[in-house]
Amino acid sequence: MMRDHRKVSGSGVPGGDLLVASGPGIPRGVVIAAVELVERFSKSSGPGGQGVNTTDSRVELLYDVEDSTSLTQTQRARVGQALGQLVVVVAAEHRSQYRNRVAARDRLAAQLRSALAPPGPRRRATKPTRGSQTRRLAAKRRRGDTKGLRGRVRGED
């Protein structure tokens, strides 16, 4: 059974609003307005046959995080720190401009979703136990003794 990639990604139709699926840090998801996304098209390298030199199938999708009204101040700061103030996604792997537009939007949605996830819990520093310290020092002593036996052979006088 073939799945429709637009329904899986949740990014919607190219040219419309970008839907970022819910996840850690974004329980209800985020909708990026279409006016905040800029799409640029250019000629793509790679497969395409006779139309490769005439079709603008390569897609550049730009999203200005700093000027976005779709994100809260906290979300803008988090995305800006993770991805920078201007996010640029390029897609040129398909022969069709439409499929590259969908791929670029899916990629941007995935990047935003991972950037909006809150950082994990900080590692709590732990102190080595007294027993582990004793074992480590004993092993170091044994190793030093073994290496000390590797010295020059002394002649019997």
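This is a predicted model: local features need pLDDT of at least 70, side-chain atom pairs count only at pLDDT 80 or more; totals for chains, interfaces and linings use all residues.
Is Arg-107 buried, partly exposed or exposed?

1. Arg-107 is partly exposed, its relative accessible area being 31%. The side chain of Arg-107 forms a salt bridge with that of Glu-93, with an N to O distance of 2.5 Å. Glu-93 belongs to the loop between β5 (86-91) and α3 (97-116), while Arg-107 sits in helix α3, so this contact ties together parts that are 14 residues apart in sequence.

2. In total, the structure contains five salt bridges.

3. Arg-40 and Glu-60 are joined through their side chains by a salt bridge of 2.7 Å, N to O. This pair links distant parts of the chain, with Arg-40 in strand β3 (residues 37-42) and Glu-60 in strand β4 (residues 58-64), 20 residues apart. As to accessibility, Glu-60 is buried, because its relative accessible area of 15% falls under the 20% cut-off. Arg-40, by contrast, counts as partly exposed at 45% relative accessibility.

4. The Arg-40 and Glu-60 contact should be read together with Arg-58. A network of salt bridges links the three residues Arg-40, Arg-58 and Glu-60.

5. A salt bridge also connects the side chains of Lys-43 and Asp-56, at 3.3 Å from N to O. Both Lys-43 and Asp-56 lie in the loop between β3 and β4, so the pair ties together parts that are 13 residues apart in sequence. Lys-43 is partly exposed, with 48% relative accessible area. Asp-56 also counts as partly exposed, its relative accessibility being 32%.

6. Apart from the charged pairs, a nonpolar patch deserves mention. Leu-86, Val-88 and Val-90 form this patch on the surface, and together they have about 220 Å² of accessible area. Val-90 is located in strand β5.

Note on methods: Residues are numbered from 1 along each chain as its sequence is written. Side-chain values use heavy atoms; hydrogens and water are left out. A salt bridge is a side-chain nitrogen of Lys or Arg within 4 Å of a carboxyl oxygen of Asp or Glu. Helices (H or I, at least four residues) and strands (E, at least two) are DSSP runs, numbered from the N terminus. Buried means under 20% relative accessible area, exposed over 50%, partly exposed in between (1.4 Å probe, protein chains only). Patches are made of residues with over 30% relative accessible area and no salt bridge: like charges are joined within 9 Å, nonpolar side chains (Val, Leu, Ile, Met, Phe, Trp, Tyr) within 5 Å. Accessible areas come from the Shrake-Rupley method with a 1.4 Å probe; for residues, only the protein chains shown count as cover.
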